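Q: I would like to learn how to read the features of a structure one at a time, with the general idea before the particular case. Could we work through this one together?

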Amino acid sequence: MGDTRSMLRGLTVVLRRPHAAPPAAVRCVSSGTVDITVPLNFWAGKRRTSHEKGHKENVYEPATGRVLCHLEPCGAVDINQAVNAAKSAFGHWSKMSGMERMKIMIEAAHIIESRREEIAEMEVVNNGKSITEARLDVDSGRLCIEYYAGLASTLAGQHVQLPGGSFAYTRREPLGVCVGIGAWNYPFQIASWKSAPALACGNSMVFKPSPVTPVTAVLLAEIYAQAGAPDGLFNVVQGSQETGSLLCHHPDVAKVSFTGSVPTGKKIMEMASRGVKPVTLELGGKSPLLIFQDSDLENAVRGALMANFLSQGQVCSNGTRVFVQRDILSEFVEEVVKRTQSIEIGDPLLETTRMGALVSKPHLEKVLSFVEQAKKEGASVLCGGEPFVPSDPKLKGGYYMTPCVLGDCTDEMTCVKEEIFGPVMSVLSFETEEEVLHRANNTTLGLAAGVFTRDVRRAHRVVEHLKAGSCFINNYNITPVEVPFGGFKMSGIGRENGQVTIEHYSQLKTVFVEMGDVDSLF
Ligand SMILES: NC(=O)c1ccc[n+]([C@@H]2O[C@H](COP(=O)([O-])OP(=O)(O)OC[C@H]3O[C@@H](n4cnc5c(N)ncnc54)[C@H](O)[C@@H]3O)[C@@H](O)[C@H]2O)c1
């Protein structure tokens, strides 16, 4: 973000003021000791309990397996209240200038910076990822808000000169109340990536986090409110598919932005289509990583680890099909296995931990069953793929596994065809560029892809042919907020981040201005 970010940071110094401590939602922050008792819904400027009494869902702490809090799913009354609050905030927010919106968003970014550790800790407690990664997620959310704050005042139309002095101009206008629905792997970051462009364009938002990770989106809601956003600008409603579908069907909702699996994405599109509402869909992947024999091996190995093991492998863009050119296969595999085995697994709140717990028990079981299936289909487990029990007694009920590298994989195996969404890398060998391109593209998904080579011509030739929304040359899983992110094929529709996302959260109005007389045909 370079100069722009320094410029924004300079401005925030002027805006900085001391911030009150957040409400006491937790007793203390170490694994196994956090209890969350405050309501996790937030609309019209306040935390709220659901009107739906009686039904509560357990939310677990992945590091220990204990219950962290109870979720009250929102029903129709709650959704109506949240959408009404968002509608009323929209009336005010959409009339503000981009500069005015920018100031509030920058203030929110500042508060995030000052509460970075607290937000990151809550993310760890609720999601199970390491504190090191959680801090980077919070930073990414903040940077996204800063980036779109910077763009808020640049939204503009076009002037078109027409015959006889007449002219037309276009106005870029917000859509209205936008709905965001998030997945559980990057809870705070997803809420930030969706709200930042939406708010910058003058929309308001009702956001539904995953019921598995309800804790941190509401912190973002508090932060926007504390930064000076009008009540109802960014609201959080908790719940599962019933709550999500109430949001998608609501007649006052103008757009749905969804991050999650392909099957749910299809349902969202179907529901939105009934109201002819635009959708952004950020869906699953089964991305290829191509490692040619002329690669810098050290960087290729590092890239493969980054492509597979961030967030316990629960990353949509992961390059889980690692195609290695045959001549360097054994050398590459030896090094990857050695480093995978040395990944520190354990308490995600410890600084030394590099891999925490998977998000839930059923998910851990699903990932382990993929490893079993791979064995049955003829893959060899080169390392990992087993449940892991840390020595610390308080972590014994946590959802840990050893990161896994599968060798002798073939294109027909389930582990190579399906998204596992866990720390499981499948290694495949190839001979020629043409062959590997065909195999890499032979999937219905197309979120990301990567290539490691020292040959600059090959690198660009290969990415030109890869059918994926985000391609990496000599790196992997880098997501600067300044560049668009999104999928080809069944991996999604639309983009998040970058300038283009402004188009997904706004609409063009054309205004024709007659400077002469009406030339009527009648
Ligand atoms: N492309 C991306 O940017 C991206 C990022 C993160 C995760 N993902 C994908 O997300 C998936 C994992 O996340 P998940 O298990 O939370 O996905 P999911 O599809 O099960 O759930 C995602 C969200 O949709 C909600 N939902 C479920 N059914 C719904 C319905 N019928 N109507 C409305 N809302 C509904 C859930 O409550 C949750 O909030 C993986 O496939 C992963 O690749 C994609």
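**Reading a helix, a sheet and a ligand shell**

A: This is a predicted model, and we can begin with helix α5 (residues 131–152), whose 22 residues reach 32 Å from the first C-alpha to the last, close to the 32 Å expected at 1.5 Å a residue.

Q: Why is α5 described as largely enclosed by the rest of the structure?

A: A residue counts as buried if 20 or more other C-beta atoms lie within 10 Å of its own. In α5, 17 of the 22 residues are buried, so the helix is largely enclosed by the rest of the structure.

Q: In what order do the strands of the open sheet run?

A: Strands of a sheet pair through backbone hydrogen bonds, either parallel or antiparallel. Here the 7 strands follow the order β14-β17-β18-β13-β12-β20-β21, with mixed pairing. At the edges lie β14 (380–383) and β21 (470–473), each pairing on one side only, and the twist averages 25° from one strand to the next.

Q: How many bridges join β12 and β20, and in which sense do they pair, parallel or antiparallel?

A: Strands β12 (residues 288–291) and β20 (residues 448–452) pair in the parallel sense over 3 bridges, and L289 has G450 in β20 as its bridge partner. Helix α10 (residues 297–309) packs on the sheet, touching β12, β13, β18 and β20, and its direction makes about 165° with that of β20.

Q: Which residues of the shell are closest to the ligand?

A: Of the 29 residues that surround the ligand, the closest are G244, G260, T264, G284 and C316. Helices α8 (241–249) and α9 (262–274) are the elements that give two or more residues to this shell, and α8 gives the most, with 4 residues.

Technical notes
Residues are numbered from 1 along each chain as its sequence is written. This is a predicted model: local features need pLDDT of at least 70, side-chain atom pairs count only at pLDDT 80 or more; totals for chains, interfaces and linings use all residues. Two strands pair if DSSP finds at least two bridges between them. Axes are lines fitted to C-alpha atoms, for helices over the stretch in contact, and angles run from 0 to 180 degrees between N-to-C directions. Two residues are in contact if their C-beta atoms, placed from the backbone, lie within 7 Å. The expected span of a helix is 1.5 Å times one less than its number of residues. A residue is buried if 20 or more other C-beta atoms lie within 10 Å of its own, exposed if 12 or fewer, and partly exposed in between; C-beta atoms are placed from the backbone. A residue is near a molecule or strand if its C-beta atom, placed from the backbone, lies within 6 Å of it.
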